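Here's a quick briefing for anyone opening this structure for the first time. Have a look at the sequence and the 3D view, then read on.

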Amino acid sequence: MTDRATDHMKGPILQRRGQVDEGGSTTDQRLLDSRGPTDWVHTDPWRVLRIQAEFVEGFGALAELGPAIAVFGSARTPADHPHYAVAEEAGRKLAQAGFAVITGGGPGTMEGANKGASEVGGVSVGLGIELPFESGLNQWVDRGINFRYFFARKTMFVKYSQGFIVLPGGLGTLDELFEALTLVQTRKVTSFPIVLIGTSYWEGLLGWLRDTALADGKINADDLDMMVLTDDVDEAVALMVAAREHRFPSPAPERPE
Ligand SMILES: C/C(=C\CNc1ncnc2c1ncn2[C@@H]1O[C@H](COP(=O)(O)O)[C@@H](O)[C@H]1O)CO
């Protein structure tokens, strides 16, 4: 026979006799008690939970997006700049080809691509990032998530896009481009087309990769083949469509009897 009066519960754990550890309060009481130190909210173990929450939110919001292409480019491109028009054309044509368009959700080229996709009824996604000079999600983002952590946001771009289109941009764009190149080079992602739009803008960088990095043995010749350089948005979209068909071949048409 057990004496229920001496049973001691610590959460779901039953303690009796010498195992009883006198806590003095229940877990619920401690949860509901707001007194006590609060500095733990600024500690790394707590941040880990926030990081985890970003992944959970991101996966939840994007898991059923369908085929998507990420479009990157400068946050500083004004709406009357030709690069903005190219971004808009890319967003529109990707949406018309059945792709969701994912951008960083910010201004400039990102806004152009979101606008192009949204205006034709496509799925226009923005993965925003908390920055000291906050600009918020642009008005053409129809499904948006705001991230605190760059690395969680970057995972979403790669996990939920089937390819990258990269328009002229600065350090942020270069970071996104080189991350994709590294993931393809190291085969962390496969069948992942990377198209740079803007031959005159990107030629210098590609020239440096060929004449310095390749010449010095720091990359292989076929590393350069990971990127296609063009000024033609139709070509960029066609490469994305071809990669999608390679990834998900459409069923062969039935032969007539
Ligand atoms: C600079 C200004 C706002 C910045 N706001 C951004 N919002 C969302 N994403 C951004 C922002 N800035 C950079 N990014 C990411 O990097 C790429 C663009 O960076 P770049 O240095 O301009 O090339 C872009 O693809 C985003 O993912 C106010 O004008």
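What follows is a short tour by topic, from the strands and helices to the ligand and the loops.

Keep in mind that this is a predicted model.

**Strand 3**

- One parallel partner of strand 3 is strand 7 (residues 164–166), joined to it over three bridges.
- In that pairing, Val 71 sits opposite Ile 165 of strand 7.

**Strand 4 and its partners**

- Strand 4 (residues 100–103) is covered on both faces too, with Ala 100 and Ile 102 buried on one side and Val 101 and Thr 103 buried on the other.
- Which residue of strand 4 is the bridge partner of Ala 70? That's Ile 102.
- To get from strand 3 to strand 4, the chain passes through helix 3 (residues 82–96), and this β-α-β crossover is right-handed.
- Strand 4 also runs parallel to strand 5 (residues 124–129), again with three bridges.
- Here Thr 103 is the residue facing Gly 126 of strand 5.
- Another right-handed β-α-β unit is made by strand 4, helix 4 (residues 109–119) and strand 5.

**Helix 4**

- Why can we call helix 4 largely enclosed by the rest of the structure? Ten of its eleven residues are buried, so there's the reason.
- The buried residues of helix 4 are Thr 109, Met 110, Glu 111, Gly 112, Ala 113, Asn 114, Lys 115, Gly 116, Ala 117 and Ser 118.
- These buried residues pack against strand 3, helix 3, strand 4 and strand 5.
- Just after helix 4 comes Gly 121, with a positive phi of about 80 degrees.

**Helix 5**

- An α-helix has 3.6 residues a turn, so residues three or four places apart point the same way.
- In helix 5 (residues 150–160), the buried residues are Ala 152, Arg 153, Met 156, Phe 157 and Tyr 160.
- They span an arc of only 145 degrees around the axis, which puts them on the same side of helix 5.
- The cover over those buried residues includes helix 2 (44–62), strand 3, strand 4, strand 5, strand 6 (143–147) and helix 6 (171–185).

**Around the ligand**

- How many residues surround the ligand? There are 20, and the closest are Gly 104, Gly 106, Gly 169, Gly 170 and Gly 172.
- Strand 5 and helix 6 each give at least two residues to this shell.
- Helix 6 is the top contributor, supplying four residues.
- By type, the shell residues split into seven nonpolar, eleven polar and two charged.

**Loop residues to look at**

- Most residues other than glycine have a negative phi, and most peptide bonds are trans.
- Arg 17 isn't a glycine, yet it has a positive phi of about 45 degrees.
- You'll find Arg 17 in the loop between strand 2 (13–15) and helix 1 (27–32).
- Is Arg 17 buried or exposed? It counts as exposed, because it has 8 C-beta neighbours inside 10 Å, and the cut-off for exposed is 12 or fewer.
- Arg 187 isn't a glycine either, and its phi is positive at about 60 degrees.
- Arg 187 lies in the loop between helix 6 and strand 8 (194–197), and with 8 C-beta neighbours inside 10 Å it counts as exposed.
- Glu 22 is in the loop between strand 2 and helix 1, and it's exposed, with 7 other C-beta atoms within 10 Å.
- Glu 22 and Met 9 are 13 residues apart in sequence, and their C-alpha atoms are 10.0 Å apart in space.

How values were computed: Residues numbered from 1 in each chain as written. Predicted model: local features only at pLDDT ≥ 70, side-chain atom pairs only at ≥ 80, totals over all residues. Buried ≥ 20, exposed ≤ 12 C-beta atoms within 10 Å, placed from the backbone. Pairing = 2+ DSSP bridges. Right-handed = clockwise from strand over helix to strand, strands pointing away. Contact = placed C-beta atoms within 7 Å. Arc of directions from axis to C-beta. Near = placed C-beta within 6 Å. Nonpolar A, V, L, I, M, F, W, Y, C, P; charged D, E, K, R; others polar.
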